[in-house]
Amino acid sequence: MYVKMIVAVLAAILAVSCAGLIGGPVDTDMNDQGTKDALLFAVAQHNRRSNDAYLSLVSEVLEVKRQIVSGLKYTFTVKMVRTSCRKADVEALCPIPKDPANAMLPECKIVVWSQPWLNSIKVLDNTCP
């Protein structure tokens, strides 16, 4: 009886450890609407605070994690590019440059905290230049 209980406890511990830390960050899908919205918000905030006269856009999402906290915390690792669109002149979508290597910005990390039930979304950290 005692052995069965130990085996059950060890199996539960193993299952939790294999599944990852409960409440910890987990990979998430960029097709999720909340994830897309968080990234769009982060890029818009980046462009507002940037002193650059040109828009920057995400050229590639390298990794995205989501963590359930008092809301949803998204951590994006992205590659950004500097476009040829001036911030003041943009009325439509701005294309990513044909040769993004010429406009490539360093890889950066952006952390967004969203509380949809409060209509609250904030950029907590942004390492993009």
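Q: How many residues lie between β4 and β5 in their hairpin?
A: Four residues separate these two strands, and Asn 119 in the turn has a positive phi of about 55°. A strand here is a DSSP run of E with at least two residues, numbered from the N terminus. This is a predicted model, where local features need pLDDT of at least 70, side-chain atom pairs count only at pLDDT 80 or more, and totals for chains, interfaces and linings use all residues. Residues are numbered from 1 along each chain as its sequence is written, and side-chain values use heavy atoms, leaving out hydrogens and water.

Q: How many bridges join β4 to β5, and in which direction do they run?
A: Strands pair if DSSP finds at least two bridges between them. Here, β4 (residues 108-115) and β5 (residues 120-126) run antiparallel, joined by six bridges. Trp 113 stands opposite Lys 122 in β5.

Q: Is Thr 83 buried or exposed?
A: Buried means under 20% relative accessible area, exposed over 50%, and partly exposed in between (1.4 Å probe, protein chains only). Thr 83, in strand β3 (residues 71-86), is buried because its relative accessible area is 5%.

Q: What does Thr 83 touch?
A: Contact means heavy atoms within 4.5 Å. Leaving aside residues up to four places away in sequence, Thr 83 touches Tyr 54, Leu 55, Leu 57, Cys 94, Pro 95 and Pro 97. A polar atom of the Thr 83 side chain also lies 3.2 Å from the backbone nitrogen of Cys 85.

Q: Where does Val 69 lie, and how accessible is Val 69?
A: Val 69 belongs to strand β2 (residues 54-69) and counts as partly exposed, because its relative accessibility is 37%. Val 69 and Gln 115 are 46 residues apart in sequence, and their C-alpha atoms are 9.4 Å apart in space.

Note on methods: Polar contact = N/O pair within 3.5 Å; in protein donor to acceptor, adjacent residues only side chain to side chain.
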